[in-house]
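Hello,

I'm passing this structure over to you, as promised. Have a look at it first, and my notes follow just below.

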Amino acid sequence: MHQSAENETCAPAKSYPRKVVFSICAHIQQREMSPPEPVFVTPAGGGSEQSWMAGLLEHPGYDEERLRRVSEQLSCREVQAGLLLSLMGQPQQYCYPSLFIYGHRASGKSHVVNVFMKDLELPHVTVSCVECVSVALLFEKVLRSFFGCDAASLLPRSPSLSDFVRIYRQQSSQSPAKQTRYIVMEKAELLRDADVNLLPALLRLQELVKDNVSVILLSEIVWDKFRPNTGCFEPLLLHFPDYSKGELQQILSTDRHPSYSAEFYSSYINILLGVFYPVCRDLRELRHLAALNFSKFCEPVAAGKVKEMDTHKLWKNIEPHLKKAMQTVYLREVSSLQWEQMEEHESGALRGLSAHTHVELPYYSKFLLIAAYLASYNPARTDKRFFLKHHGKIRKTNFLKKNEKTSNHLLGPKPFPLDRLLAVFYSVVDSRVAPTASIFSQISSLVTLQLLTLVSHDDQLDTPKYKCAVSLDFISAISRTVNFDIVKYLYDFL
Amino acid sequence: MGVLTCAAAITYKPLQRVFFRQPIRGDLQSKAEVVISDSAELPRKSRHFHHNTFRFFHTIMSKRKAKDAHLPIGECINQVHQILRKRFCHQQLPDKPEGLEAQHKHLVELLKRTAVHGESNSVLIVGPRGAGKTMLLRSVLRDLSEETEVQKNLLQVHLNGLLQTDDRIALKEITRQLHLENVVGDRVFGSFAENLGFLLDALKKGDRSSSRPVLFVLDEFDLFAHHKNQTLLYNLFDVSQSAQAPLAVVGLTCRLDVLELLEKRVKSRFSHRQIHLLSTLTFSHYLDRVRAQLSLPDGFPDGKFVEEWNAAVTTLCEDKSVVEVLQRHYNSSKDFRSLHMLLMLCLSRVSVAKPAITPADLLDASRLCVADAKANMLHGLSILELCLIIAMKHLNDVYEGEPFNLQMVHNEFKKFLQRKSSSLYNFEQPVIMKAFEHLQQLELIRPADSSSAKTQREYQLMRLMLDHGQIMEALQKYPQCPTDIKQWAMSAFA
């Protein structure tokens, strides 16, 4: 349920359709349980879900049995579904020319619309704007699903909106709409990047093609950001609010594996939400995390150490684990597969996962990077104080009072010339190094690795300027490997 | 002519049926059936036919004083939806353009001169979106088409700036709409003017002295001004000025400065005739319009229901709270479209169980219409994201709207956490970064400059796209918002 085709473009570890989540659950559990039981996928609307079905949808003009089936699938979205249905009206009546549905990711926008379209068998076409790299694909898809392949083949190569509307009108005069036709556009924010006329034309498509057609746009960005300069036909705005914590709990609890009791699973969901809810309200992400970590939660029960009802002990067991998950799998620093493997080996070496320790640099490159970091984050006038043995009579207190309020670690790295980098480099590196070609080539390889960025233009050969592009954590890790205490040399931390 | 006979056939059909059934006088139910069976067919026919059908019903019903005809309530509601949805969603033409009589008369005369006397003309209809430009033109054309001489003579070409995005496409469309594809064949033309001249020549009658008048309607006229060299406009205006062929050019636009867009040579050929639709509607007229839009026509099959409905609408428009809401809408916009949107939301709540529009419906609809979309989106943010927004708000206050980066926001957030000395919201930098990126994805914050590819993400300068009021409003509505965060939002030092 509730997964819409909104998110496929993101990291691989993100969205799993329901069945996949189930099979992950099942897969994890099968390893622990002996003998393996057959996996049951409970159909939506079965069992406990009935109890929280608030109101059934009612509308004349639709089959009651179908409406009942639809409303079973739309848990926690009854109000929105009811409003949408009443706006759509009876199938043969006119709907508003364009509807704009907005709401956060995974708030059931696509789900509600798609369930309506499919289960009520309305003439519709669902188009994801991610897929439609060119408008030709969009036109073809619309024509094909409304009028069949023959109509779509009438489109010329690289069709214009004019061609589309002409063919649509021609076809719809032959087979006029008996029921409102719907064009559902998912991820509609991408329409803004398409041809400037496409969005205004879609919004008033009903008027242009003179057919009973309605365009439903789905997006997670508010309508204000869509409006073109000279305005356009305003769509009817509908907001899908986020799920409340209780609703999330309800929906997540339906993914329960049949071999565990409902209370056990919902206590697990409760703990999961306790950790992740302040950070993330994306149902899809939470569902994925729930599926990934459930095996760990079950471990003490399976081993017989803890009873199912002993929530406190279970919490103690799982909580650090979930926190660890927040720092790794939630941030996509490790993939879901790696995460599962880590669970098996119980290595616990999580620190080693982030990019910091993966980078292996030559000895002088490390010092060059340190020098670059110091040059980026320290003001040039303080170099004297840090790197000269006899730096005159600069008193520390006076020195510190200047410019105290803005720290360079807030503003970001400043560009510095090559000369300064080398000067700092010779002061920090402990042995004497000649300024050979090898040093310079190491600088340019640091640029290639994107640890340094070249700020000035390429044509400035004699005094190129650089900026350091690594974080404090990273540089601390690097300087630890060469026994250099970088914090002592940073002006911000004096 | 084929169209006309078809229309006649359809309008006569109900006549036959009604007369056929007339002998069975006492059988009310069967009479109702006649009406229903006919209205069920309505959406398949075009709006024009439907209009005629209703006029026709109107005459029959008023003749026979069919007050005794009773429909079941479900059917009545069905009809109400049918009629009003056509009005709100399909922009059905009213019987006469209210409030625009003078402009209507002007335009009719102008076009009649072209159609009857072969006089060339050009005119621009300028007015804000939803002011009724298209409605005016369509009603003028409808009235003109009732005169046989005009109908026989006048050819129409409808172009839309959204669809015909360049002159090549426009010329193809003109050829098609003039049914001259066969005449043109594979001929090759040297210039646009030659091509257009050929098309217009082809329309000349056998004696080659008098040519059929052509009406060019250019919707979204301002977009045609962006075509290369404004060739289409130049040629149309040139023909209309130099008496080559009788040609009327009507442009519709919402840009007041549209003449500034025209090149000098185009501008000098334009007649500079403009019809402005700047609404001078007073509030009492606005109320009348609301009432008229909601009222049912006399031709409605069930006389008693119409009386009740129209009386209910009248009382609704006198209700104090309703007047207040409408006043607010009137103050923000007085065009038809936004009114239709409001009334459509009201209409969607009318059902068999609640067969009238109540003041509460209107209030709810207005609340939906004016709801602030960004505040709605803020409601669904996680607590961490909300904290970041508050930190940004404080930064904006302190630095007077200067852009900020993630480090500054994080620093501000950390200051708050230190004061509270609670570890509840102590998240690592990457987790905060993810929340920050989510805000950027929702376009609640936006990069200050576009050329930021080289800077690190945490130092990229951003601007907050929300204002103080929206944030505070969202905080008030936020579910289970902790008090210390609310206090922090009030003052940066709480």
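This is a predicted model: local features need pLDDT of at least 70, side-chain atom pairs count only at pLDDT 80 or more; totals for chains, interfaces and linings use all residues.

Now to the interface. On the chain B side 64 residues take part, in contact with 68 residues of chain A. Together the two chains bury about 6000 Å², and carbon and sulfur atoms account for 56% of that.

How many salt bridges does the rule find across the interface of chain B and chain A? There are three. In a salt bridge between the side chains of Glu285(A) and Lys434(B), the N to O distance is 2.8 Å. As for polar contacts between chain B and chain A, the count comes to 30 residue pairs, with both residues at pLDDT 80 or more.

Which helices of chain B each supply at least two residues of the side that touches chain A? The list is α4 (73-89), α8 (167-177), α11 (221-224), α18 (336-347), α20 (373-379), α21 (383-399), α22 (406-420) and α23 (429-441). Of these, α4(B) gives the largest share, seven residues. By residue type, the side of chain B that touches chain A has 25 nonpolar, 22 polar and 17 charged residues.

Conventions
Residues are numbered from 1 along each chain as its sequence is written. Chains are lettered from A and ligands numbered from 1 in the order in which they are written. Side-chain values use heavy atoms; hydrogens and water are left out. Contact means heavy atoms within 4.5 Å. Buried area is the accessible area (1.4 Å probe) that two parts lose on being put together, summed over both. A salt bridge is a side-chain nitrogen of Lys or Arg within 4 Å of a carboxyl oxygen of Asp or Glu. A polar contact is a pair of N or O atoms within 3.5 Å; within protein, one must be able to donate a hydrogen and the other to accept it, and residues adjacent in sequence count only if both atoms are side-chain atoms. Helices (H or I, at least four residues) and strands (E, at least two) are DSSP runs, numbered from the N terminus. Ala, Val, Leu, Ile, Met, Phe, Trp, Tyr, Cys and Pro count as nonpolar, Asp, Glu, Lys and Arg as charged, and the others, Gly among them, as polar.
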